[in-house]
Amino acid sequence: MRTADVLRFARDAAGGYPLRTGLSVLAMAIGVAAVVVLTALGDGARRYVVDQFSALGSNLVIVLPGRSATGGFSPANALTTTPRDLTVDDAFALTRLPSVRRVAPLAAGNSEINANGRLREVVVAGTAAPYVDIRSFKMAQGRFLPEADWNRGAPVAVIGSKIQEEIFGSQPAVGELIRLGDRRVRVIGVLKAVGQGLGMNTDEVVFVPVSLAQSMFNTNTLFRVLIEARSRDDIEAVKREVTAQLKARHGNEEDVTVITQDAVLATFDKLLRALTAAVAGIAAISLAVAGILVMNVMLVAVTQRTAEIGLLKALGARGATIRDAFMAEAAMLSLFGAFTGYGLGLFGAFVLRQMYPVFPAYPPDWAVIAALGTALGTGMLFGIMPARRAARLDPVQALMKH
Amino acid sequence: MQGGDYVCAAARRVVGAFVVPLIRLAGIERVFHLGDSTVHALDRLDIGIEAGEYVAIMGPSGSGKSTLLNLLGLLDRPDVGSYHLEGRDVTTLSPDEQAAVRSRRIGFVFQSFHLVPRLTAAENIALPMMLAGIPAAERTSRVAQALKDFGLDQRSDHRPDQLSGGQRQRVAIARATIMQPAVLLADEPTGNLDRATGDDVIHLLEVLNATGVTLIIVTHDQKLGARARRQLVMEDGRLKHDSARDGALPVA
């Protein structure tokens with residue numbers, strides 16, 4: 001029998017029982033769609049996190065006060081856990097390190113903004129001029145905080161685009177005096193909208209000189225120090241230099257945590273990739289179930305068409321021909337189901353993206369290939385047994401079934 | 001010209017008779033095991049059938065006539081004995097070789113027609129050619145000719161459930177003969193048809209036999225059997241009566 005005839009025969013056979021065919025195609029489609037949508041979700045989460053971290057700026061090294069406990073609990077640790085303050089002078093000292101390009105201190109707290117007869121809660125971030133470059137922010141109006149001694153900041157503020165919108169509306173903000181907690185400061189700039197960044201919406205932040213923020217919140221310590229390395233290759237050097245420098249300044253005690261963006265990124269990337277693979281694995285179970293369903297459907301088909309198989313043998317069909325025809329039918333069910341499921345899955349991912357535009361829910365290529373491959377593989381694999389059974393039927397017995 | 005053709009055909013048949021019979025069964029036995037008991041469905045059977053013969057196999061149910069037909073059609077193998085078809089021992093062939101013989105040399109007509117319900121009349125007729133790997137273009141032309149020969153040209157696109165019983169059996173006969181087989185095996189071909197339609201079908205088979213196809217019909221219908229030129233009567237797996245050997249059947 002010619003290949004084209006085998007395929008046409010299988011297609012007509014599958015089409016002859018629309019309900020049965022439809023159900024097995026549906027099962028296979030759901031399996032594939034599940035893999036596509038779930039991996040799109042998982043990979044979307046990964047990309048989301050990666051994008052968020054990338055948005056922080058490039059070649060970033062972050063210093064946190066306090067030592068992250070990685071050595072387990074010990075009485076010695078317990079006695080020395082109170083960290084020294086991470087001060088503005090500490091941060092400024094880092095600017096002289098060879099591999100460091102820029103340094104920006106960051107002190108943060110909640111306060112109220114009161115201007116133009118309106119009042120709202122805001123996050124106040126105390127920092128310095130290099131911050132805008134480290135984070136690659138753009139100014140909408142005015143300018144960012146001026147270069148100045150970090151210990152003596154002028155009473156000025158740069159506001160996020162959303163603050164500007166809510167407090168000033170269409171009126172000009174630059175040059176206006178606002179009340180920030182118990183201080184009066186002058187707005188010197190408005191940032192361009194950037195959206196979410198590390199759980200903090202920069203559009204709703206008011207930036208002031210770091211010394212001003214510290215005195216507002218009555219603290220000496222910094223929340224973070226952001227450091228930009230000279231190049232990507234210098235990130236490790238920066239980490240070493242910063243750790244050494246701060247250790248020297250803190251009485252030879254390593255009481256800060258230095259993290260690199262790459263390390264955090266790699267950890268999250270690994271974690272979320274593992275999560276995606278796990279989710280894909282769970283979804284793949286439904287593919288196996290669909291494969292077993294295809295096998296059942298084909299077994300039913302062999303039983304239903306026993307007389308036909310007997311007839312085909314009487315008309316001169318070889319066992320291999322009958323096996324091929326049933327295999328082709330199983331493959332068609334799987335193939336059709338797989339591609340329907342792929343389409344459904346892409347549509348599902350599209351709907352997800354429409355609902356959550358910030359969430360890049362695209363299925364990864366490997367998942368799509370794996371899902372289609374598994375669907376076809378299981379369909380064919382589970383098609384072998386029924387097809388062989390059909391091929392081995394005794395023609396005399398088969399012809400008597402009617 | 002027609003007379004000349006007839007002479008040629010007759011001569012061929014005579015030569016065939018001298019050289020090898022179309023079918024030669026020697027010492028055929030077929031045993032079925034049903035639980036503890038063994039049933040001799042066919043018991044030491046020796047039959048020769050010449051090319052172009054018209055043979056009726058008769059006998060009560062359970063006499064082994066269907067088993068014999070299955071064996072002649074290479075759907076079943078004997079436990080003992082040899083079966084030569086056109087001089088070739090076909091009992092020792094592999095299943096695939098037997099399938100090839102069924103495809104090219106044997107046509108089946110069944111009591112219950114055995115048409116594939118989802119295929120049209122034309123597709124059912126083309127089925128043996130499709131299985132044999134004959135190109136689609138040739139299939140189309142041969143099916144068209146067959147549809148015309150069997151008076152089915154108006155029914156080519158009808159599915160079996162849209163056809164009458166007689167039309168269905170005509171489709172089945174067209175399918176059985178489309179590969180131009182040497183032998184046509186018919187198992188109760190009129191069993192599911194009313195008398196008038198059944199007569200038409202038998203007439204059609206006899207016309208085919210007249211063109212040279214060996215026709216072997218299994219039936220329990222005495223009247224139908226009597227129309228054949230040779231009657232084989234089976235009983236308990238043995239050949240009880242062969243009209244070629246024992247003379248005409250006594251009228252029951």
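The model is predicted: local features need pLDDT of at least 70, side-chain atom pairs count only at pLDDT 80 or more, and totals for chains, interfaces and linings use all residues. Residues are numbered from 1 along each chain as its sequence is written, while chains are lettered from A and ligands numbered from 1 in the order in which they are written.

Start with the sheet. Four strands of chain B, in the order β2-β1-β4-β5, form an open, antiparallel sheet. Strands here are DSSP E runs of at least two residues, helices are H or I runs of at least four, and both are numbered from the N terminus. Strands pair if DSSP finds at least two bridges between them. The edges are β2 (37-49) and β5 (88-89) of chain B, each pairing on one side only. Helix α2 (residues 65-72) of chain B packs on the sheet and touches β1, β2 and β4 (80-85) of chain B. Contact means C-beta atoms, placed from the backbone, within 7 Å.

Now turn to helix α7 of chain B, residues 195-210. Which of its residues are buried? They are B:Gly198, B:Val201, B:Ile202, B:Leu204, B:Leu205, B:Leu208 and B:Asn209. Their arc around the axis, taken from the directions to the C-beta atoms, is only 155°, so they lie on the same side of α7(B). B:Ala196, B:His203 and B:Val207, on the other side, are exposed. Buried means 20 or more other C-beta atoms within 10 Å of a residue's own, exposed 12 or fewer, partly exposed in between, with C-beta atoms placed from the backbone. The cover over the buried residues includes β3 (54-58) and α6 (165-177) of chain B. After α7(B) comes B:Gly212, with a positive phi near 120°.

Terms used: The expected span of a helix is 1.5 Å times one less than its number of residues. Two residues are in contact if their C-beta atoms, placed from the backbone, lie within 7 Å. Axes are lines fitted to C-alpha atoms, for helices over the stretch in contact, and angles run from 0 to 180 degrees between N-to-C directions.
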